[in-house]
Amino acid sequence: MKKLYLVANWKSYKTSVDAQNWFSIASNQQIPINKEEKEVVVCVPFTVLAEAKQSIVKSQLTLSLGAQDISPFAEGAYTGEVYGKQIAEFAHYVIIGHSERRQHFGDTDEVLEKKVAMSLDFGLTPIFCVQGKDTPIPQGVTIVAYEPVSAIGSGQPDSPENADGVAKAIKERGGFSVLYGGSVSPDNVHTFTTMEDIDGVLVGGASLIAEKFIQIVNNA
Ligand code: PGA
């Protein structure tokens with residue numbers, strides 16, 4: 001049986017009070033316990049990482065934590081940046097190269113390569129987003145998320161068949177686990193995770209509601 005990655009991406013949503021509520025609702029849901037079968041990762045804003053970690057430890061949840069970006073530098077005079085060691089205090093994963101970062105924050109292929117190198121230096125696992133089968137993938141990446149821009153937040157997901165074809169093509173470039181992202185819901189998640197070459201999903205909007213996200217995890 002393949003290992004599935006079910007990844008939540010909260011983007012710029014939720015205060016620490018909201019996060020507390022989310023984890024408290026999640027702790028009342030049935031979350032899969034075997035991380036070898038289903039690795040469930042919640043990628044939260046930097047400001048709520050500490051709160052999220054505390055909630056997970058307190059309620060002994062089988063959830064892993066991730067950040068949504070990382071500084072391309074190590075510690076130093078880089079105002080506003082959060083570097084790998086600071087993230088690694090709380091999280092194991094980091095999303096790198098999301099199309100929203102490429103579009104709004106000028107993350108180039110060169111910067112993304114540095115971000116991946118930094119994440120690996122500090123023991124974080126990058127979840128590297130690509131927008132198509134030919135998007136450059138930096139050295140050291142093991143988990144890739146295919147997210148066609150038109151499918152993000154639009155309610156118009158890619159077809160499972162097309163996404164599977166892209167996942168296959170990406171796998172042929174290296175031994176990656178490939179996730180699909182873009183308008184994933186509790187109703188359609190299964191159509192993606194049952195495809196041969198899709199190893200999980202990256203979920204934005206539907207991950208903001210704890211019950212909905214855990215439903216996605218359980219339906220996958
Ligand atoms: P969506 O976002 O699930 O809201 O489409 C996915 C993403 O941007 O990672």
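This is a predicted model: local features need pLDDT of at least 70, side-chain atom pairs count only at pLDDT 80 or more; totals for chains, interfaces and linings use all residues.
Colleague: Which side chains have an N or O atom facing an oxygen atom of the ligand, and at what distance?

Modeller: Look for pairs of N or O atoms within 3.5 Å. His-98 is one case: an N or O atom of its side chain is 2.7 Å from a ligand oxygen. Asn-9 is another, with a side-chain N or O atom 3.5 Å from an oxygen of the ligand. A polar backbone atom of Gly-204 is 2.8 Å from a ligand oxygen.

Colleague: What share of the ligand's accessible area does the protein cover?

Modeller: Take the area of the ligand on its own, then ask how much the protein hides. On its own the ligand has 290 Å² of accessible area, and the protein covers 95% of it.

Colleague: Which pocket does the ligand sit in?

Modeller: The ligand sits in the second largest pocket.

Colleague: Let us take Ser-183. Where is Ser-183 found?

Modeller: Ser-183 is in the loop between strand S7 (177-181) and helix H7 (189-193). Its side chain reaches the backbone oxygen of Ala-151 at 2.6 Å. Beyond its neighbours within four places in sequence, Ser-183 is in contact with several residues, including Gly-153, Gln-156 and Asn-188.

Colleague: And Arg-102: what does its side chain lie 2.8 Å from?

Modeller: Start with the element. Arg-102 is in helix H4 (residues 99-104). A polar atom of the Arg-102 side chain lies 2.8 Å from the backbone oxygen of Cys-129. Now compare sequence with space. Arg-102 and Leu-112 are 10 residues apart in sequence, and their C-alpha atoms are 9.1 Å apart. Leaving aside neighbours within four places, Arg-102 is in contact with Asp-107, Asp-109 and Phe-128, among others.

Colleague: Which residues have a positive phi although they are not glycine?

Modeller: Read the backbone angle, then check the residue type. Lys-11 has a positive phi of about 55° and is not a glycine. Lys-11 lies in the loop between strand S1 (4-9) and helix H1 (16-26). Gln-60, also not a glycine, has a positive phi of about 50°. Gln-60 lies in the loop between helix H2 (49-58) and strand S3 (64-67).

Notes. Residues are numbered from 1 along each chain as its sequence is written. Side-chain values use heavy atoms; hydrogens and water are left out. A polar contact is a pair of N or O atoms within 3.5 Å; within protein, one must be able to donate a hydrogen and the other to accept it, and residues adjacent in sequence count only if both atoms are side-chain atoms. Accessible areas come from the Shrake-Rupley method with a 1.4 Å probe; for residues, only the protein chains shown count as cover. On a 1 Å grid over the protein atoms alone, a cavity is a set of points where a 1.4 Å probe fits but cannot get out, and a pocket is an open set with protein on both sides within 12 Å along at least five of seven lines; lining residues have an atom within 4 Å of a point. A molecule sits in a cavity or pocket if more than half of its atoms lie within 2 Å of its grid points. Helices (H or I, at least four residues) and strands (E, at least two) are DSSP runs, numbered from the N terminus. Contact means heavy atoms within 4.5 Å.
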